[in-house]
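Subject: Structure handover

Hi,

Here is the structure for you to look over. My notes follow below it.

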Amino acid sequence: MRSKTVAFWHWAALFPLVVALNNIATPSAPPTVSILPGASSAASSLSSKPSASLSSKSPIPSISILSSQSTNASSVTSASPSSALSSQAVPSGNASVSVTGSNTFSPFPVPSDIPEPPVYPAVDPRNPPSVGDAVIPDFGPAWAAAYEKAKTKVAGFTLEEKVSVATGVGWQGGRCVGNIAAIENGTSWPGLCLEDSPLGVRLSDFVTAFPTGINAAASFNRGLMRQRGLFMGEEHRGKGVNVQLGPMMNMGRIAQGGRNWEGFGADPFLTGEAAFETVLGIQQAGVIACAKHLIGNEQEHDRTTSSSNIDDRTMHEIYAHPFLKSVMAGVGSLMCSYNLINDTYACENNKVMNDIVKREYAFQGFIMSDWSAQHSTISANRGLDMSMPGDITFNSGTSYFGANLTAFVENGTIPEGRVDDMATRVLASWYLMRQDSPSFPSVNFDAFNPDSDQTNMHIDVQDNHYQLVRTLGAASAVLLKNEGALPLGKKDRSIVLIGSGAGPGKAGPNEFADQGGTDGVLAMGWGSGTANFTYLVTPLDAIQSKARQFRTSVSWLFDDFDLPRAGNMARKRNAALVFLSADSGEDYITVDGNEGDRKNLTAWHGGDALVLSVAAQNNNTIVVVNSVGPLILEPWIDHPNVTAVVWAGAPGQEVGNSLVDVLYGAWNPSGRLPYTIAKSPSDYGAQLTLPTSGQNPSGQTPLEITYTEGLNIDYRHFDSASLISVVRLLNNITPRFEFGFGLSYTTFKYTGLYVSKIATVESPAEFPFVSAWDNGNATAIAEGSSRALWLHRPAFQATFTVQNTGSVSGGEIPQLYINFPASSGEPPSVLRGFTNIELNPGQKGSVTITLSRYDLSIWDVVQQGWRKPEGTIGVTVGASSRDSRLKGSVPI
């Protein structure tokens, strides 16, 4: 973004600022490991966070800088894409602190962004721009004001107090899953409550279990994404939470990924847009959002002892992009991940935390560790601002920060200015959300002692949020197949519901801790990304209620394995609805042999056999799928008696009502797949990586997960493979249902694509950069270079018309894909725009989708910046990644 100091902001190249950390001498008298005051030693039956990483086996007598924790990224090459620019590993540049003398520190400057309304207005997080506004919010003035307050407050803290702002009190040391202690001196500060999850307030009561992130993405509806974020933020605030530990934005790189349902799918643009809207919504409620997990945490197996090896271009264009969008949304905090990145732990990774996030993105908030993902005290110099939950291993009473961080400052290893910066970043985020207001609620629940009436006030924060849950659940349902079976109605005199997924669990909706199991309808996955259900509407509940309007006979069978009875009950029914599910979650819970990640892509509970048994005796078999991710549907998808398939995902507490709205036509299906459904697991370009026989991964010898597919994630892989006829012929790489696919009860026609340049007058400061980009040069290496206004300002627009050519009202999701020239090394098509439009029968609507220079750029690993590739840049507008309706080109 622009700065008052044009010479600095636009012209200065920010060269590495730090002396290599490996050259910092270890303390002459290494400090002993600190003991956390107030750390509880009592175990709790609810201590369901994942266990500490293997490198934190036990309290250690001293801290040292290990050569294996080098800040230099390892040399990792990628087999694709073919461009030479993609074959370089992430550079190892050191840009964390400026050691200009003995024990001194120069923090990254706070950008003095100058608002330029209407396209770049000054924005307060509590009053973000409306959804759909063609603006880039400028949070610079709000951050600057927050920083001034934070600096004043921190100036009154002692060194120990500043360190305490960066150090959690330890696992179960407070009422939230993460806690920063209050400071109670003359400059008192109340501390922080950090609480899961990305879909609601975890481990609390009278809260809403919202639709999962993957369902929010499937809606392709920015308005619903924003509202979901706002309502989640309001509920966290109502419980006294300062930091909501979400949204999650790791990519759905592998179909089996255990936590894919927490995130927003397999495309970086869709994930970035969903993250942007979610962050804006959460922080509008006055709660600090936390973008996680930074970065490359795409599988659960061996997550603390595996290295995600990602080349520089792929890192920037795919995996870091959602974090950039979160920073542009003003996010107050980020969480670094468990895994290593190019053989350096994420929470020790100077390149990622300092050079990319704090320098390139000009991130002003704080970076916390995932729980026990910190590995040294020196991580402070590498960009880590907060240790969570504070102890090295749960309830150990030891910490890498705390007294150790104080000792490292006192002996000159870490500059005190860096600790000032850490505390300032935390408090600035707190002030940015106006949490200094006397009206901000105190913590009124106890995550670890839910039965305690002394620490649980049982505050009801649900409001009318169930309405959004129901709407979003319907909007995210994807109609995969329909041969006239849907919508249901008067024609369906008798129906039967078959499968455990149609009904409730045996012991209520919270039968399993952290939802680690399922014997009824699936509404979310398992792990720390969950919330308790205050209630759960099952499909049986909702369908029975709706069916009474038509005086329909309703029967059911919840036994998934009584195949003869299932087939017999389906006979003579007007419709037989079969309910399938597939679950996954975090690796600290194993369900039916699924250690977080799914061990296969088949339906659980023998679902395929159940469908075939029913379809053998009913010629109107409708399949409803509640799944955390893709399934292989080949055993039955082409069966002539399977007349409809509704992909309902994991839509939260109103799962039954949302489904009924789609089944009976109250909501015309408009959801779109946020990932590809393949014909075979082997068709996917990336697979779950497991240790070989005898391999025992550790921090020193990690399981190497090399992202050899490069830019070709999900549909990009399928599209790239389909370009080569031999590969297509030999591997049958055509997907069953492509990314962005979804049917409707009506039809739509696209006409009149016109792509034009948006007339803008660049400022004198911007003109050289725009001109350089036009000539194919990369962006300058500078603070904030990847989020500069001129790069993200709408520069081109695609306008076209969509008409509802069917007989019922409905919503369409037009999608815009960019077709880069082959020489760029990009996949054939990449999503760069989408919107939603509601139309009555026969009605036409004009659609405009804007494109920025960033949208049309590739990452140049040599120049370390964004540049326009040589050649013609095509535009494809359609209803999915493979359903092309209109084509054009960008007039550059």
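What volume does the largest pocket have? The answer is about 860 Å³. Of the 38 residues that line this pocket, Arg222, Phe269, Glu273, Lys325 and Thr850 are the closest to its centre. A pocket here is an open set of points on a 1 Å grid over the protein atoms alone, with protein on both sides within 12 Å along at least five of seven lines; lining residues have an atom within 4 Å of a point. Volume is the space filled by probe spheres set on the points, which are joined across faces, edges and corners.

Before you go further, the ground rules. This is a predicted model: local features need pLDDT of at least 70, side-chain atom pairs count only at pLDDT 80 or more, and totals for chains, interfaces and linings use all residues. Residues are numbered from 1 along each chain as its sequence is written, and side-chain values use heavy atoms, with hydrogens and water left out.

Back to the largest pocket. Helix 6 (268–284) gives the largest share of its lining, six residues. At least two lining residues each come from helix 5 (222–238), helix 6 (268–284), helix 8 (321–328), strand 25 (830–834) and strand 27 (844–852). Helices (H or I, at least four residues) and strands (E, at least two) are DSSP runs, numbered from the N terminus. By class, the lining has 17 nonpolar, 12 polar and nine charged residues. Nonpolar covers Ala, Val, Leu, Ile, Met, Phe, Trp, Tyr, Cys and Pro; charged covers Asp, Glu, Lys and Arg; the others, Gly among them, are polar.

The largest cavity holds about 180 Å³. Its lining has 17 residues, with Pro509, Gln515, Gly517, Thr518 and Val521 the closest to its centre.

Threonine 314 counts as buried because its relative accessibility is 1%, and buried means under 20% (1.4 Å probe, protein chains only). Its side chain makes a polar contact of 2.8 Å with that of aspartate 311. Such a contact is a pair of N or O atoms within 3.5 Å, where one must be able to donate a hydrogen and the other to accept it. Beyond neighbours within four places in sequence, threonine 314 contacts Tyr319, Gly710 and Leu711 (heavy atoms within 4.5 Å).

Overall, the protein chain has 20 helices and 31 strands. Of its 892 residues, 65% are buried.

Best wishes

Key
Buried means under 20% relative accessible area, exposed over 50%, partly exposed in between (1.4 Å probe, protein chains only). On a 1 Å grid over the protein atoms alone, a cavity is a set of points where a 1.4 Å probe fits but cannot get out, and a pocket is an open set with protein on both sides within 12 Å along at least five of seven lines; lining residues have an atom within 4 Å of a point.
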